[in-house]
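Trainee: I have a model open and some questions about it. Can we go through them one by one?

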Amino acid sequence: MSGQHLGLTAARLHALPVARPGSEVFHLYVGPLTPTGRYVPRTARSVCSARTRRLTVIQRAGSALDLGGRRVCGRCSARLSAESRRAEQPTNRDAAAEFHVGITLGDLVLAIAMATSTAETHRIGFAMGLRFPPAPTKRPKEIASDRDALHAALFDTNAELLRTRDRLRMAERTPEQVAADELRRETEDDLRARAAAGRRKSAAMDRAIDRRNRGSYLMPHERELLNSA
Ligand SMILES: [Zn+2]
């Protein structure tokens, strides 16, 4: 496994993103937090064992996690990659389900935030499918039960996954794909413009026919329109 699936490895270990205030790097941390859930205990260390001042947990907002443009600590990711290489990789679906047992939607939110390729988002979607029922197509309007809460969280997490995948897909396009997308968009715009012009013309035609049938005076452009039909 390359660093490509780092987020999923972090998720499987229930890692949390932590950082010093103002730092452009975030570390990964596995273990208990202070009672407020906001800090790493002073005696604990991040995955890379860095000696840093107090580390603050980068909090999720529901199913979204904004890492604030921070990049993952190189030592933390090297340690985790080594960890995931040591772990036996699942070879079938049952083994994969076992492998991801205990992974929570919150864990997956971190994996989504750390994803760097569409392939990785598909892996995350696969892991999500092993652990949870499919996301509902509509978000529950009210949260009246645990089931509603789960459905809302599934909906939100899946929406975040799809948004991330779309963003990464745009970034992964080759110059040829960018050109093809532009051409397609221009063609679609052109077709839409033609369709709108066609609808305007037929509405004007209908009005002109209506006026002719009522015996009203026809403006020159209306006569022209009727003659063109
Ligand atoms: Zn680190």
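Trainee: Is histidine 14 buried, exposed or partly exposed?

Mentor: Keep in mind that this is a predicted model. Buried needs 20 or more other C-beta atoms within 10 Å, and exposed needs 12 or fewer. Histidine 14 has 15 C-beta neighbours inside 10 Å, so it counts as partly exposed.

Trainee: Where is histidine 14, and what is its phi?

Mentor: Histidine 14 sits in the loop between H1 and S1. It is not a glycine, yet its phi is positive. The value is about 55°.

Trainee: Serine 49 has a positive phi too. Is serine 49 buried or exposed?

Mentor: Phi of serine 49 is near 60°, and the residue is not a glycine. Its place is the loop between S2 and strand S3 (56-57). Serine 49 has 11 others within 10 Å, so the class is exposed.

Trainee: How many helices and strands are there, and in what order do the elements run?

Mentor: The protein has eight helices and four strands. Read from the N terminus, the order is α-β-β-β-β-α-α-α-α-α-α-α.

Trainee: Which element gives the most to the largest nonpolar core?

Mentor: That core has 31 residues, and those with the most contacts inside it are Ala10, Tyr29, Leu108, Leu110, Ala111 and Ile124. Elements supplying at least two core residues each include helix H1 (6-12), strand S2 (25-29) and helix H5 (118-131). The top contributor gives six residues, and that is H4.

Trainee: Which residues does leucine 110 contact, leaving aside neighbours within four places in sequence?

Mentor: Leucine 110 is among the core residues with the most contacts inside the core. With those sequence neighbours set aside, its partners are Gly7, Ala10, Ala11, Ala15, Pro17 and Leu65.

Trainee: Are H4 and H5 roughly parallel or antiparallel?

Mentor: The axes of H4 and H5 come within 10 Å and cross at roughly 170°. Angles over 145 degrees count as roughly antiparallel. H4 is therefore roughly antiparallel to H5.

Trainee: Which residues make that contact?

Mentor: H4 brings Leu108, Ala111 and Ile112. From H5 come Ile124, Ala127 and Met128.

Trainee: How are H4 and H6 oriented, parallel or antiparallel?

Mentor: H4 packs against helix H6 (residues 146-172) with axes 10 Å apart, at an angle of about 10°. Leu105, Leu108, Val109 and Ile112 of H4 meet Ala153, Thr157, Glu160, Leu161 and Thr164 of H6. Angles under 35 degrees count as roughly parallel. So H4 and H6 are roughly parallel.

Trainee: What is the radius of gyration of the protein?

Mentor: The C-alpha trace spans about 95 × 45 × 40 Å along its principal axes. A compact globule of 229 residues would have a radius near 17 Å, but the protein has 28 Å.

Trainee: How far apart are the C-alpha centres of domain 1 and domain 2?

Mentor: The domain assignment gives domain 1 as 3-172 and domain 2 as 175-228. Their C-alpha centres lie apart by 51 Å.

Methods:
Residues numbered from 1 in each chain as written. Predicted model: local features only at pLDDT ≥ 70, side-chain atom pairs only at ≥ 80, totals over all residues. Core = buried A, V, L, I, M, F, W, Y, C linked by C-beta atoms within 7 Å. Contact = placed C-beta atoms within 7 Å. Domains from an automatic or database assignment. Rg over C-alpha atoms; globule rule 2.2 N^0.38 Å. Axes fitted to C-alpha atoms, helices over the stretch in contact; angles between N-to-C directions. Parallel < 35°, antiparallel > 145°, perpendicular 65-115°, else oblique.
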